Amino acid sequence: MLLHPGATVLCSGSTDLPLPFPGWTLPGVVSARAALILANEWRVLPGRRWAVVGGAPDGDDVAAALRLAGAEVVAIAPTGVALAAA
């Protein structure tokens with residue numbers, strides 16, 4: 001059976017798909033999107049010192065937003081391995 005819809009609706013939003021890693025459920029560990037929502041929408045800064053783990057451009061954008069909100073970004077690393085090495 002072939003269907004012919006009267007309309008097609010595309011919803012191109014984004015959703016976090018966090019990948020589990022050791023310590024990902026600890027307090028203070030948040031996704032980049034959660035950090036941006038907290039800082040930009042709710043004007044809440046959950047912590048003063050941040051290490052941003054994630055490659056450019058997203059990691060750089062999150063670090064810039066956190067700095068604008070008053071946070072100290074102490075490290076920006078593309079992966080957890082690079083952060084551990086730093």
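Tutor: Helices (H or I, at least four residues) and strands (E, at least two) are DSSP runs, numbered from the N terminus. By that rule the chain has three helices and two strands, and along the sequence they follow the pattern α-β-α-β-α. This is a predicted model, where local features need pLDDT of at least 70 and side-chain atom pairs count only at pLDDT 80 or more, while totals for chains, interfaces and linings use all residues. Residues are numbered from 1 along each chain as its sequence is written, and side-chain values use heavy atoms, with hydrogens and water left out.

Student: Why is R43 called exposed?
Tutor: Buried means under 20% relative accessible area, exposed over 50%, and partly exposed in between (1.4 Å probe, protein chains only). R43 has 67% relative accessibility, so it counts as exposed. R43 sits in the loop between α1 (32-41) and β1 (49-53). Its phi is near 55 degrees, a positive value in a residue other than glycine.

Student: And how much of the chain counts as buried?
Tutor: Of its 86 residues, 14% do.

Student: What makes E72 and R49 a salt bridge?
Tutor: The term asks for a side-chain nitrogen of Lys or Arg within 4 Å of a carboxyl oxygen of Asp or Glu. In this pair the closest N and O atoms are 3.5 Å apart, so the pair meets the rule. E72 lies in strand β2 (residues 72-77) and R49 in strand β1, so the pair ties together parts that are 23 residues apart in sequence. The rule gives a count of one salt bridge.

Student: Are those two partners exposed or partly exposed?
Tutor: E72, with a relative accessible area of 43%, is partly exposed. R49 has 60%, so R49 is exposed.

Student: Why is α1 called roughly parallel to α2?
Tutor: Axes are lines fitted to C-alpha atoms, for helices over the stretch in contact, and angles run from 0 to 180 degrees between N-to-C directions. The axes of α1 and helix α2 (residues 58-68) come within 10 Å and cross at roughly 25 degrees. That makes α1 roughly parallel to α2, because angles under 35 degrees count as roughly parallel (over 145 as roughly antiparallel, 65 to 115 as roughly perpendicular, the rest as oblique).
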